[in-house]
Amino acid sequence: MQQKEPSIIAVNIRKIIARNAWKQGKIGQRAGYAPKVFSAMLNGNLKIHIEDVPRIAEALGVTPNDLYKREQTPS
């Protein structure tokens with residue numbers, strides 16, 4: 001299986017997990033995913049569907065909008 005580039009949602013999830021020094025597997029379980037499934041979602045091997053966003057956001061303690069944010073690049 002060819003790995004795809006992770007979505008902005010996956011990138012933001014990883015940033016939030018790293019910033020808080022949380023374990024990825026624990027967040028996945030809290031959101032209701034098996035560790036391998038959640039890992040595949042964050043690596044771009046499984047698509048994160050719009051239905052997944054609210055439960056992942058809740059597990060992270062953020063709003064769904066926080067998962068869609070793109071960093072501003074200086075112009």
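Trainee: Where is the place of Ala21?

Mentor: Please bear in mind that this model is predicted. Ala21 sits in the loop between α1 and α2. Its phi is near 55°, a positive value in a residue other than glycine.

Trainee: Does Ala21 count as buried or exposed?

Mentor: Exposure is judged by relative accessibility, and the exposed class begins over 50%. Ala21 counts as exposed because its relative accessibility is 69%.

Trainee: Which residues have the most contacts inside the largest nonpolar core?

Mentor: In soluble globular proteins, nonpolar side chains tend to be buried together. Here the largest nonpolar core has 18 residues, and those with the most contacts inside it are Ile13, Ile17, Phe38, Ile48, Ile56, Leu60 and Leu67. At least two residues of this core come from each of α1, α2 (24–31), α3 and α4 (52–60). Leaving aside residues up to four places away in sequence, Ile13 touches Phe38, Leu42, Ile48, Ile56, Leu60 and Leu67.

Trainee: At what angle do helix α1 and helix α3 pack?

Mentor: Helix α1 (residues 8–19) and helix α3 (residues 35–43) pack at about 115°, and their axes are 8 Å apart. On the α1 side the contact is made by Ala10, Ile13, Arg14 and Ile17, and on the α3 side by Phe38, Met41, Leu42 and Asn43. By class, these residues are 6 nonpolar, 1 polar and 1 charged.

Trainee: What volume does the largest pocket have?

Mentor: The volume of the largest pocket is about 160 Å³. Its lining includes Lys4, Glu5, Ala10, Met41 and Ile48, and the lining residues divide into 6 nonpolar, 2 polar and 3 charged.

Note on methods:
Residues are numbered from 1 along each chain as its sequence is written. This is a predicted model: local features need pLDDT of at least 70, side-chain atom pairs count only at pLDDT 80 or more; totals for chains, interfaces and linings use all residues. Side-chain values use heavy atoms; hydrogens and water are left out. Axes are lines fitted to C-alpha atoms, for helices over the stretch in contact, and angles run from 0 to 180 degrees between N-to-C directions. Helices (H or I, at least four residues) and strands (E, at least two) are DSSP runs, numbered from the N terminus. Contact means heavy atoms within 4.5 Å. Ala, Val, Leu, Ile, Met, Phe, Trp, Tyr, Cys and Pro count as nonpolar, Asp, Glu, Lys and Arg as charged, and the others, Gly among them, as polar. On a 1 Å grid over the protein atoms alone, a cavity is a set of points where a 1.4 Å probe fits but cannot get out, and a pocket is an open set with protein on both sides within 12 Å along at least five of seven lines; lining residues have an atom within 4 Å of a point. Grid points are joined across faces, edges and corners, and a volume is the space filled by probe spheres set on the points. A nonpolar core is a set of buried Ala, Val, Leu, Ile, Met, Phe, Trp, Tyr and Cys residues joined through side-chain atoms within 4.5 Å. Buried means under 20% relative accessible area, exposed over 50%, partly exposed in between (1.4 Å probe, protein chains only).
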